[in-house]
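This text leads the reader through a single protein chain.

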Amino acid sequence: MSAHTTKNIFVSGAITSSFIGDSIQKHGVKTDIGGHSIFLGQVRADVIDGKKVMAIQYTAYEDMANEKMHAIREAIFEKYNLTCMHVYHSLGKIAAGEICLFVFTSSAHRKAAIDACEETVERLKAELPVWGKEIFEDQTHQWKINQ
């Protein structure tokens, strides 16, 4: 039996600054934490073939993605001495400039939190069944390629 339960990482719409702030503030009572690392993914207004991206429409195979994220989470906890990890990914239409990914790791010492956060982001971008459709200002669209 794993130490952590499978969690739903998906939120509808953009991840707000108040949600991020509340998440950080809740950790103030956890006095065994000495360092946090946070990654915020933001939708860029890229220009592709002369057309500007105004939003990304995110979809996912949610059950499979949550299971995969659970496996990633377990591997990261096994590798790094973390106190906690939180991952949230947007679904739906997220406008350029809005936050679509929030990864938050905490540990007794900063290095574990930083390294775990970076590896978590790289793995979820490569392994989760989440897709983004770039929506251009002229309302045309194309599937996004993760970079």
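Glu-127 is partly exposed, because its relative accessibility is 29% (buried means under 20% relative accessible area, exposed over 50% and partly exposed in between, with a 1.4 Å probe and protein chains only). The structure is a predicted model, in which local features need pLDDT of at least 70 and side-chain atom pairs count only at pLDDT 80 or more, while totals for chains, interfaces and linings use all residues. Residues are numbered from 1 along each chain as its sequence is written, and side-chain values use heavy atoms, with hydrogens and water left out.

Glu-127 forms a salt bridge with Lys-68, and the closest N and O atoms are 3.1 Å apart; a salt bridge here is a side-chain nitrogen of Lys or Arg within 4 Å of a carboxyl oxygen of Asp or Glu. This pair links distant parts of the chain, since Glu-127 lies in helix H3 (residues 110–127) and Lys-68 in helix H2 (residues 62–79), 59 residues apart. Helices (H or I, at least four residues) and strands (E, at least two) are DSSP runs, numbered from the N terminus. Lys-68 is partly exposed, with a relative accessible area of 30%.

Glu-127 also forms a salt bridge with Arg-123, where the closest N and O atoms are 2.9 Å apart. Arg-123 and Glu-127 are 4 residues apart in helix H3, and so are separated by about one helical turn. Arg-123 is partly exposed, at a relative accessible area of 22%.

Lys-111 counts as exposed, at 57% relative accessibility, whereas Asp-115 is partly exposed, at 24%. The count of salt bridges comes to 5.

The wider fold can now be considered. The protein chain has 3 helices and 8 strands, and from the N terminus on its elements run β-α-β-β-β-α-β-β-α-β-β. The radius of gyration of the protein chain is 16 Å, close to the 15 Å that the globule rule gives for 147 residues, so the chain is as compact as a globular protein of that length. The radius is taken over C-alpha atoms, and the globule rule is 2.2 Å times the number of residues to the power 0.38. Along the principal axes, the C-alpha atoms fill a box of roughly 50 × 30 × 25 Å.

Buried residues make up 41% of the 147 residues. Of the contacts (heavy atoms within 4.5 Å) with a separation of 6 or more, 76% are between residues 24 or more positions apart. The accessible surface of the protein chain comes to about 8500 Å², and 51% of this belongs to carbon and sulfur atoms; accessible areas come from the Shrake-Rupley method with a 1.4 Å probe, and for residues only the protein chains shown count as cover.

Strand E7 (residues 130–136) is mostly covered, with 5 of its 7 residues buried. Strand E4 (residues 51–60) runs antiparallel to E7 and is joined to it by 7 bridges; two strands pair if DSSP finds at least two bridges between them. Within this pairing, Ala-55 stands opposite Ile-135 in E7. E7 also pairs with strand E8 (residues 141–143) in the antiparallel sense, over 3 bridges, and Gln-142 in E8 is the bridge partner of Glu-134.

The hairpin of E7 and E8 has 4 residues between the strands. Gln-139, in the loop between E7 and E8, has a positive phi of about 75° although it is not a glycine. Gln-139 is partly exposed, with a relative accessible area of 47%. Asp-49 likewise has a positive phi, of about 50°, without being a glycine. Asp-49 lies in the loop between strand E3 (47–48) and E4, and is exposed, with a relative accessible area of 74%.

Trp-143 is found in strand E8. Together with Tyr-61, Met-64 and Trp-131, Trp-143 forms a nonpolar patch on the surface, with about 480 Å² of accessible area. Patches are made of residues with over 30% relative accessible area and no salt bridge; like charges are joined within 9 Å, and nonpolar side chains (Val, Leu, Ile, Met, Phe, Trp, Tyr) within 5 Å.
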